[in-house]
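Subject: Structure handover

Hello,

Here is the structure we discussed, with the sequence alongside. My notes on what was found follow below it.

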Amino acid sequence: MKVRTMKQKYSFGDFRIPVTFFRASEVDSPEPNATGQTEVYSALCFAYSPSAKDYTVLSSAGVKQGVTIVMPDTRGQFIPDVSMTAVISDYRYQGIEWNILEVRPDFDNDRFVTIVLGAIQ
């Protein structure tokens, strides 16, 4: 009996771009430099241009600039949601804070999480 295997889309060597996720802070600080956000998680990711499926998510949210990232599944250590923001530490995305628009876990291989990000206007 032949076992059918799928080719791996990504390997862990593809994750080279640092990404940091933030959540709204619960603390109301009187400090002038307080951003109101707390760093929740940092990881390495693989960033690419949105696919046609991702563009439908971006257009339904009214976002003009978007990026899709893939990161390793954390097995419950960190679960991203749409209330968070992300900052990609790469010169191509410098100075852009991204809203999380959609999170797609990889149910087939249970190895990766795909996240669609839209730029905050």
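In this predicted model, helix α1 spans residues 52-60, and its buried residues are Asp54, Val57 and Leu58. These three sit on the same side of α1, because the arc they cover around the axis is only 100 degrees. Ala52, Lys53, Ser59 and Ser60, on the other side of α1, are exposed. The packing partners of the buried α1 residues are four strands: β2 (37-48), β3 (66-72), β5 (97-105) and β6 (112-119). After the helix comes Gly62, which has a positive phi, near 75 degrees.

Two strand residues were also looked at.

Thr20 belongs to strand β1, residues 17-24. Its relative accessibility is 14%, and Thr20 therefore counts as buried, the cut-off being under 20%. The side chain of Thr20 makes a polar contact of 3.4 Å with the side chain of Ser42. Leaving out residues up to four places away in sequence, Thr20 touches Glu39, Tyr41, Ser42, Thr85, Ala86 and Val87.

Leu44 is in strand β2, one of the strands that the buried residues of α1 pack against. With a relative accessible area of 44%, Leu44 is partly exposed. With the sequence neighbours up to four places away again set aside, Leu44 touches Phe15, Arg16, Ile17, Pro18, Met71 and Pro72. From Leu44 to Ile69 the C-alpha to C-alpha distance is 9.7 Å, and the two are 25 residues apart in sequence.

Regards

How values were computed: Residues numbered from 1 in each chain as written. Predicted model: local features only at pLDDT ≥ 70, side-chain atom pairs only at ≥ 80, totals over all residues. Heavy atoms only, no water. Buried < 20%, exposed > 50% of the residue type's maximum accessible area, 1.4 Å probe, protein only. Arc of directions from axis to C-beta. Contact = heavy atoms within 4.5 Å. Polar contact = N/O pair within 3.5 Å; in protein donor to acceptor, adjacent residues only side chain to side chain.
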